[in-house]
Amino acid sequence: MIEVTLLLVAAAVAFGISRGLRTPVVPLLIAMGYVLSLFSLTPDRAFVEQLLQLGLSFLVFVAGMELHPGRIGGRYRTVFSVGLLQFLILGGGGLAISLSMGFGMMASLHVGLAIAASSTLVVMRLLRERQQMFEPFGRLVTGVLLFQDILVIVLMVALVQIDKGLTGVLMGGFATLAMALAVWGCAGYLAPWLLNKYEHEEEILLLSILTILSAFIGGALLLEMPPVAGAFFAGVAISPFPVGGVARGLLSSLTAFFTALFFTAFGAILVIPPVVDLAKVLILAGFVIVVTPLLVAAIAERAGHTARNSIEAGLLIAQTSEFSLIVGLQGLVLGHISEEIFAIIALVTVLTMVVTPWISTDRIARRLLRLHPAPASAREPKRPHKEHCVVIGIGASGRALLIELSRRGMDVVAADHDPAVVSQLKDEGYEVIWGDAGDKESLEATGLEHARYIIVTTGRVEHLRLIRQLAPNAQIYAHIFDRANVPRAEDLDVEVILYSEAAVDDFMVWFDERFGATPA
Amino acid sequence: MPAQQFVLTLGIMVSVAALVAMTARRLNMPSIIAYIVAGLVLGPVTGLVAVDHSIEVIAEVGIVLLLFLVGLELSLHKVKDVGMVAIVTGALQMAVTLMVFFGLSVGLGFSVVESVVLGVAMMFSSTVVVVKLLDQSKNLDSLFGRISVGVLLVQDLAVIVALTFVAAMGRGGEELALAELMTQLGMALLGMGALLALAFVCVRYFLRKPFAWMSRSREGMFIWSLALCFIFVLLAEGLQLSVEIGAFLAGLCLAQMPYNHELQRQVHPLTNLFIAIFFVSLGVQMELAAAFGNAGVVITLILLTLIGKPVLLYLLVLKQGYARRTAFMTGITLGQISEFGFIFMALAIGTGLADETLMSVVAMVGLVTISVSAVVYGKRNELYDWLDERGWLGKEVEADRNEATPEAPISNHVIIVGMNDMGRAIARRLNDEGHRVLAVDTDLEKLRDLPCETLMGHAENLAVLHEAGLERAKLIISALRIEEANKSLTYRACRAGVPISVHGFERQVTAELSELGADHLLIPKDAAYAIQISRFENQGVLK
């Protein structure tokens, strides 16, 4: 009881700091757990380790629940190429670095595998918190994680069986196949049946979901897989709609509870290796953090994502996975790697996980976007324009406007900061300038000062101010998300179309039609 | 136990519990029985699972959470309301039960010491069972529910005295040191007073502001609340009080806060899981074999518990001016012995006051009375009517204190989930037009300045939709930007036959939502686009 209390209190402090400093909570949880261990406040280490295993199984299960293939949104080829190339290059790089550090072949293989995959746990949590799960890059990342997790599990099984030769490899293949079959049966038949039968029996439903989890963990052990792999497959097995949604609702407080317990417990058993090894940790972590974003950004953009999306996806998955710990642990148990190397893997994982929330920010993505090479001749307008219409910002509605207004005979020039979007629309024959809406030169390239109408969809008031300066006489429309920005926009003599208000108007028309104008 | 084994053991316990619970559901049996049966299967029958320290801790966490939940449900004034009746009823009930069982045991040929031990083991009702039953039937808040919980808490204080008693008797069976007993009782009451005072001070001066500050983070607030709960539990243990009392008081502290309903919903699933493990481990640890040799004793004790206790409680509560129904329900609810009886017996064996036979007798009586009372509780209304028709409940006297009549549930309203800019705008607009609007969000801040009714909660949670009265709503609207939540809301609305309008924030989402049966889609970007085009058309820029 005292262990649970201490871990919870440490977690409560972490949440408090996180709220106060507006920083992500996971690193703070690990830090507070480490503080507990500094004061040796976790006497029953065995129990803490049990909680750790329990929490890990549960959290991997929940993370797996987010990895429903349907969420990827169809672009399987992109996912495949990004996932595989990143995995191979990072894994290969990790292997090479480890060999050059003199780790030995077997150990280097483990380190390579540990470095190759990204953390479903951390990334899915961030996507959910930031409500970015269904942005295009969120979907891409979801797919990549699903693919890589499966890859790690298969390879992990192979590493166990490697000593047994061909039969071992066949056994591993068989085990994975059996798991896949179980996932298919559970996702297609068992889970929907259970939901249908016990829809209003929350207690039974909760226990049945956990029974599925237990069954998969048991199955994994039978097939000589790590139990966490079972938990992952169980999560995928109940991910499809509507079971996934119901399960998430049911399990949300358990997830919060185990998140707090797991990460503090993890911090509490963490061992910081000596300085020499710290250097190795830094090299490996740096490799992951620097190479991943570049690699992913390049591959994803080539596969047709916008440059912005590609960069954001790359930044978001620049860390090692919870499976890295399992890979390390398994290697340790089998005698493939030493305690020292396990500590290095663990620390690289912690370090890269901790850094993720800070490097995957909007600001850094925007900075990196500026470093992106320019699309060919993107800053030069084809010919001078007069009395034309300028569309600044080509998201979903900006794009539709560009197409529709051009179709109906207006002379339209558009501008956007995303090089991939710009190249694509240019290829389709539209006149598009590449540049930042806050940058005077890019704006001038659109012939702004001679424009009659300007439509700004970037939603930022600073942009409006500059645009109004450059085009004092044009009629400016601003499509704005945030109601708070409306007065400032109107001060600049800009006509505002508020997204939410537009949707509400639309809704009220439907509502009055359906229910009559006055309440019953 | 290695970590892997621990996870596997819990998995087995949960799985068997789930399977038995499904069968029990079909037979209309309460889940408590299912869990205990699952435990019997895993322990005494097959020996698959053994309960070690870690499992015990998990089970204890279950008890803590359950009592925390009770505290959350009952605010301070609701407890004060039944304070007197609980103390009087609890004290008299325990005294009478102890005497009757003591006399009976002596009559059945047990020694005086054994009879005292048996009497003590029989006099408590089971907090965990009762609270679980009340919670499942949503009766925690009812008058008889509150009286029952009050009686149980009074019993919890007596538990401390009982434990001292065993320890004292065990020290050589000399004259019972009355002075020592009284000191212990005094200490317990003092500790209770101190903890109560602490709770009061916390509520009054310390908790409100920090928790209001934290309330924007749903997860953070949940962890804070749990931390508070476990701190109180440790304090209670430090003051030699039971963990139940600590958890209950922590719950009471937070019951005063505006978001206590959401907190209850969050604690609930966690409790359900851990308490299931508690009941399973209870079953695992049962030693019943020796009880069969003492069938006569066992049956007598069972009958007395099942019938005698409810009758006694009925009379006690009735005499204090409550309605017959309230008195009857209180009695029925408390008609079993406590799992504490087992712990008590184990201690008694340890100090040489009782033997294994007595232990298994108590275990058997516990198993049967807990199971039967759970079934009887499920049929309490039918039983009341049946007895009333035969006139066995006596004449209805004018009751001084009655159940408050519940408010009529909200209906023909519009539920709006997600108080972002769009959600708020719709809420305002519909409210201005005179519709009854219920706004739902996880963030209390966002609900604060709305003109309509509000509900704090996570809309993916079925309990929240239930509380929002989805089945009776005219329309539900989701302004959320979360695909999964929108899909599950659409699904739920269609199952409930309520029209739904959903935020389709991205093209990939909209097709799926329509397929699921959404009646209307809120698509801000399309709406803004349409407005832009129509402005140009109105200006004559576009033809």
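The questions and answers below concern a strand in chain A and a helix pair in chain B of a predicted model.

User: Are the residues on the two faces of strand 1 (residues 389-392) of chain A buried or exposed?

Analyst: In a regular strand the side chains alternate between the two faces of the sheet. In strand 1 of chain A, A:Cys389 and A:Val391 lie on one side, while A:Val390 and A:Ile392 lie on the other. Both faces are covered, and these four residues are all buried.

User: Which residue of strand 2 of chain A stands opposite A:Val391?

Analyst: Strand 1 of chain A runs parallel to strand 2 (residues 412-416) of chain A, and four bridges join the pair. Within strand 2 of chain A, the residue opposite A:Val391 is A:Ala414.

User: What is the bridge partner of A:Cys389 in strand 4 of chain A?

Analyst: Strand 4 (residues 453-456) of chain A is also parallel to strand 1 of chain A, with four bridges joining them. The partner of A:Cys389 there is A:Tyr453.

User: At roughly what angle do the axes of helix 13 and helix 14 of chain B cross?

Analyst: Two packed helices are described by the angle between their axes and the distance between the axes. For helix 13 (residues 295-319) of chain B and helix 14 (residues 324-333) of chain B, the crossing is right-handed. Their axes come within 8 Å, and the crossing angle is roughly 145 degrees.

Terms used. Residues are numbered from 1 along each chain as its sequence is written. Chains are lettered from A and ligands numbered from 1 in the order in which they are written. This is a predicted model: local features need pLDDT of at least 70, side-chain atom pairs count only at pLDDT 80 or more; totals for chains, interfaces and linings use all residues. Side-chain values use heavy atoms; hydrogens and water are left out. Buried means under 20% relative accessible area, exposed over 50%, partly exposed in between (1.4 Å probe, protein chains only). Two strands pair if DSSP finds at least two bridges between them. Axes are lines fitted to C-alpha atoms, for helices over the stretch in contact, and angles run from 0 to 180 degrees between N-to-C directions. A crossing is left-handed if the near helix is turned anticlockwise from the far one by less than a right angle, and right-handed if clockwise.
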